[in-house]
Amino acid sequence: MSVQEYLDKHMLSRKIEDAVNAAVRAKTPDPVLFISNHLRKAVPSVITKVKARQILDSRGVPTVEVDLYTNKGMFRASAPSGDASGMYEAVELRDGDKGMYLGNSVNRAVKNVNEKISEALIGMDPTLQSQIDQAMIDLDKTEKKGELGANAILAVSIAACKAGAAEKEVPLYKHIAVLSGRTNLTLPVPAFTVISGGKHAGNNLAIQEIMILPIGAIKFEEALQMGSETYHHLKAVISEKYGAQGCNVGEDGGFAPNISRQVSLFVKEGLDLVKEAISRTGYNDRIKIAIDAAATDFCMGTKYDLDFKSPNKSGQNFKSGEDMIDTYKELCTDYSIVSIEDPFDKEDWEHIKHFSSLGLCQVVGDDLLMSNPKRIERAIKESTCNALLLKINQIGTVTEAIEVVKLAKDAHWGVVTSHRCGETEDSFIADLSVGLATGQIKAGAPCRGERLAKYNQLLRIEEELGDHAVYAGEDWRQ
Ligand code: PGA
Ligand code: ZN
């Protein structure tokens, strides 16, 4: 091919002339930069490469990280991970070779991205999120993404979402809002874990988390300050009562003091510590309290064992579903509790429904729902609970996450965008919570890098939105 033929074939003279003319019209002070940007925009952006690798999450357990390339650059995302809660969630593909990371390596999931998924997505437009997600779902062919692995699929889905935002030259949260058909963006009320128990900590506390919600903050920045100050006051309160060792932290950064094993006290001793810390800050009623009981973990048959972590427990303190309802009622009366997550076992639909009907607080379904659309639909129909805990790795794609949030919102439920106990530095859920205006986010303590990656990103988003930023505050459930 001659030089002239090459120029003609790619219409190079025309395109360069157009770019030069545009620079002249714009009277730009930096014409070379302007022309290069102008030319770059003229290139249709497509996915050119998808490359995965195995990294470690915050617990030191392998997970999948993906670098997705378009003509605009490289976009990185990773999949979080938690304890599997059951047969209704998307499958996290692990190699199961006991000689590698105790069976937890994810080399097969990585290989699936590098070969099958990459091949299927190359050439696709990164702005078409639902088509990208559908292509992976079609490729997987199983109901729970067990063939390719939800960890592989989700990391690619998030990376594609970031690439789509870059292609449209809009912030990630705005791109997500457009994908979901919303116009209002909201900074969520953070639910900071301040005390850890259950499976997340080695103390006596049966319930998994005590959280604080700075509902009365004016903006997210203030909410973070209120959360941080309370956290540090709590450290002092705990230290005075239990010594420095009481300030050891659980998996997502909450303190894990060895509270009394007296079952009659249940969680009250922990709640009293939090109440004292809040009163020391002076924020008082502007901070509310939430609990994640994660009761599936201490349900034995039809009874609840609040002493389940004790090695020499008597077995005499098991509580019935009715006893648990009475306990929660008492807690809601004695403390400013506004939300209880998983108050009963994931299959105990009867007691959670009864408790919800009392209207004492928001009742969140986490293990109960597993972010599964069928379980959410059933819970809506039967008025089992009134809020969704959104764990995106239990669904496996951004598109399906958007759909379940829509389901929940159409039913006038609250929505809590959630992290997992195994997190990475990826801050995607921060943008997701703003773009989907979920009103609530749960990302652990105001402490530890992988938790702060989310909260700090929310600070940046609020700053960027400036006067347009709306903090959910009192409207946290809408
Ligand atoms: P998980 O915890 O990631 O261990 O499931 C989060 C939660 O229960 O809310
Ligand atoms: Zn939970």
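Reader: What should I know before we start?
Author: This is a predicted model, where local features need pLDDT of at least 70 and side-chain atom pairs count only at pLDDT 80 or more, while totals for chains, interfaces and linings use all residues. Residues are numbered from 1 along each chain as its sequence is written, chains are lettered from A and ligands numbered from 1 in the order written, and side-chain values use heavy atoms, without hydrogens and water.

Reader: Where does UniProt put the "active site" feature?
Author: The unreviewed UniProt entry places it at D252 and K391. Such annotations may be inferred rather than shown by experiment; positions follow the numbering used here, and feature names are shortened. The lining of the second largest pocket includes D252 and K391. A pocket is an open set of points on a 1 Å grid over the protein atoms alone, where a 1.4 Å probe fits, with protein on both sides within 12 Å along at least five of seven lines; lining residues have an atom within 4 Å of a point.

Reader: D252 first. Buried or exposed?
Author: D252 is buried, because its relative accessibility is 0%. Buried means under 20% relative accessible area, exposed over 50%, partly exposed in between (1.4 Å probe, protein chains only).

Reader: What does D252 touch?
Author: Its contacts include H200, E209, H419 and R451, leaving out residues up to four places away in sequence. Contact means heavy atoms within 4.5 Å.

Reader: And where is K391?
Author: K391 sits in the loop between strand 12 (387–390) and helix 13 (398–410). Helices (H or I, at least four residues) and strands (E, at least two) are DSSP runs, numbered from the N terminus. K391 is buried too, at 7% relative accessible area. Among the residues K391 touches are D366, D367 and H419.

Reader: Switching topic. How many salt bridges?
Author: The count is 32. A salt bridge is a side-chain nitrogen of Lys or Arg within 4 Å of a carboxyl oxygen of Asp or Glu.

Reader: Which residue pairs with K41?
Author: E169 does, at 3.9 Å, N to O. The pair links distant parts of the chain, 128 residues apart: K41 is in helix 3 (residues 31–41), and E169 is in the loop between helix 6 (150–168) and helix 7 (172–179). K41 is exposed, at 55% relative accessibility.

Reader: What about R280 and E276?
Author: Their side chains form a salt bridge at 2.8 Å, N to O. Both lie in helix 9, four residues apart, about one turn of the helix.
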